[in-house]
Amino acid sequence: MGVGSVLVGIAMALIAGAYLARPFRVVRGGTDWDQAIETWVAQAHAEGAAPTVVEEDTEPVSFCPQCGRRVGPDDRFCAGCGTPLRGGAA
Amino acid sequence: MLAEVGTIVVGLALAVALYAACAAFWGIRRADSCWALSARNGVHTTTGLLGLALLALLVAFLGDQFQIQYVAQHSSIALPLYLKVSSVWAGQEGSLLLWSFLQALFTSLVVARPSDRTRSLVPWATVFLCLVTAFFTAVTLFLSSPFFQLGMMPPDGQGLNPLLRHPGMIFHPPALYLGYVGLSVPFAFALAALVTRQVRGWPGAVRRWTLAAWLFLGLGLLLGARWAYDVLGWGGYWGWDPVENAGLLPWFTVTALLHSAVMQERRGGFRVWNLLLAVFSFTLVLFGTFTTRSGLIQSVHAFARSNLGPYFLTAIVLTLAGSLALVYSRRSILVNSRPVEGLFSRDGMFFLALILFLTLTVSVLIGSVLPTITEALTGQRYEAGPDWFDRVTGPQFAALVLVIGVCPLLGSTASAMRRLRSRGLPGLLGAALLTAGAALAGFTQWVSLVGFAIIGLAGATTLAEYVRDVAARSRGPAGENPLRALWSLFGRNRRKYGGYLVHTGVILMALGIVGTRMYALETELVLSSGKPVPVADYTLVFEELGGEPADDHLSTWASLAVYRNGDYLTRLEPRMDQYVGFDQTVALPALHSSLREDLYLVLAGWSENGAIATFKVFVNPLASFLWFGGLVFLVGGAVAVWPSAREERVPAPQARRRMLGTNVGLVVGLLVVVAAGVAMWGWGAGFGIEARSAGRPLTGQPAPDFTLDLLDGSTLALADLRGQVVVINFWATWCPPCEDEMPDLQVSWSEYQAEGVVFVGIAFDDEEAAVQKMISRFGLTYPMALDVGGNISAAYGITGVPETFVVDAQGNVAHVHIGPVSVQELRDELESLLEE
């Protein structure tokens, strides 16, 4: 095994290691973190309880732009705050 | 240095893959996203590292690094560039590296942008996929490394096995591996679904993956069959060889999975079916690799017996045992008590199809392992030959085609029998028409007629479905024209119409299979130059033999003129290439395809002087339907895989980006499929054909008339010579064998001139001065002329000089000599003609 090959190997190992360790140095609260939380924490609740992530085909879900409440696709007014949904800012 | 770096990189990839599996698991256990993200990074790193290793191997091939054993075994300096590239996967070591890379790549694609539906399953799927990647990488690294170095550098490599130089063989392994690797994805998701108890939506979530894997597997199988047909020279395309079966078995289970996934999506049942089918598909992939690489089942194209067997066997046992245990432990959520529909409903037919696929899998599996099991149990090998497989699987395939035909006629429930009556008419018509047509065309075996009836039923019913749907769209005030209607149907519901197209392809292939399996003709003929021999509807005239030395092989070719029902059809040139380095002979057949049948000629042997040659002749009826059906099948699969915009509901900018990525990926994939298909069927097909407009007249046919200006100034017309025997000799001054026969012709002429026989010498592509010189040199006194413009030579279809035609008193060709003729031959022929 030549010296050159070993050096190349070490260099690649270091680069790989840095890439693998990167998530542990991500600033909490950044966008990566939020996305990760959403994806993986839901997994923890999967055993036993119904997961929050949809597992079957459902209709598309929307949220009220005013109060953030979940609304159905055919709703014309938000049931929580009364904001018009169709043809408005939604 | 390249080899060392390659090995290090593969080792690193193994370590990272194992890390990724553990990190993903830890991320799940701790609900910690840092570990999860690190795992995802690990997946991408593994892909990058394995890609680098593959690149290193490619560079080694392109750079003729023969100190690496694998490169020396499969490449050589003289090998063309594109073949050097394909040599990377010519042997086991490179194949396993390619497989490992593809496995890592697919894992990367799975974790990169999970869709809404797969998101919850991806964590566990990552664990399983990383373990699979680690397994293949470990096998590559420790048992089968392509980077093993010899102690020295040989001056040249051994070159690529000549059998692998066909375009089909270039694309066949990658296509198959894409299929095999693709099957790990539904498997991983099935296990993830079991572990997380989300067993309801997973088949739909991985539908595209399953479909893509199925498509590539099918492409690989078709490519292999076409290669066998074009290159192996035994007249067939599928021998039920264990290696072939290794690819077919998972294909059966994946096809079943596709259908049962549809069932689960629509009706909700079949949970256990889907899970088990995904597990079995992947297990069969491992099993297939195990059997082909362990030499456990002796195979015609066996790789060397290698040391991989025990490890693959362990992997298979662990996978199967673990998966089944998992299924059993979750059995409470898998039981589904839906009311069972009757057999005569669409659901019932789907179920029947699943059963048939299972029985097919079991049949082929039993057939494959039968020799080994009987040898182990009784000490004697019982081989299940191609006939056994045909007889066992034939009825099952026929039943499947029948299901294709009957399914559209049925409603969702068994009570919709009315539909059968109103919709059944086209099917019955189709069955009757095709059966009658086939019987009239000469296909009269009753078993095949049953097959034709089923095919006709299925074909007509499927066609009626298209017609009905197109008609529905074109009817009415807002109707579109039929072609546009067809296009929009395909656009709106790619799944359904892609599926119909696939079924159409299958029906066409079934037609080809019935024809080639039941009516193939095989015979061996010994042909003498110039003497016509009848075979089926054809007449074959062996013309001449030639030899061409090339870089690493000696190529011997034979040319034959082929006539059908007395009319000239084409000229075929089957070849035999003898490779000294590999001690291997490749018999390349020459093929003439028509709608009705394929004429397939293989050069088997020849005499020293080249005047006699032995040929194997195969007539394969309906073979073209097989290949055409295969193309339709692939196109249908591509249509079904293609994503439609409306399926994804994602915010606009992200959607556009993802759409672009998906579209680009799929366009590239489609191009690869199309290019592979065209390269294989356009290039490999029709190997060795040289069709010309006119051919030599056959003996018994009238000799083409002509009028010649002789060199002595007079004119000679063949028609005027009716009532006399005529010897027409085509020759040229630049042709040494012509010089050899000149004295013989003169002697013959002087012997028979008095009896009224006329000799005519026609100089082809020549000049008067040279001809005159030849005449005076040999003292030739019979009529001579130049074929100005070459029209007479073309009319007589000569392919070289000298050629001599002996025409009888009625003006018909009695004898043909391709090559020089001797006094004795002429004497014999003229004597017998003059006696009449």
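Colleague: In β10(B), which residue is the bridge partner of G605(B)?

Modeller: The partner is T614(B). This is a predicted model, where local features need pLDDT of at least 70, side-chain atom pairs count only at pLDDT 80 or more, and totals for chains, interfaces and linings use all residues. Residues are numbered from 1 along each chain as its sequence is written, while chains are lettered from A and ligands numbered from 1 in the order in which they are written.

Colleague: Why are β9 and β10 of chain B called paired strands?

Modeller: Strands pair if DSSP finds at least two bridges between them. Nine bridges join β9 (597-606) to β10 (612-621) of chain B, so they count as a pair, an antiparallel one. Each is a strand by being a DSSP run (E, at least two residues; helices are H or I, at least four), numbered from the N terminus.

Colleague: What makes β1 and β8 of chain B edge strands?

Modeller: The open, antiparallel sheet has four strands, in the order β1-β10-β9-β8 (chain B). Both β1 (521-528) and β8 (590-593) of chain B pair on one side only.

Colleague: How do you know that helix α21 of chain B packs on the sheet?

Modeller: Helix α21 (623-641) touches β8, β9 and β10 of chain B. A contact means C-beta atoms, placed from the backbone, within 7 Å.

Definitions and conventions: Contact = placed C-beta atoms within 7 Å. Axes fitted to C-alpha atoms, helices over the stretch in contact; angles between N-to-C directions.
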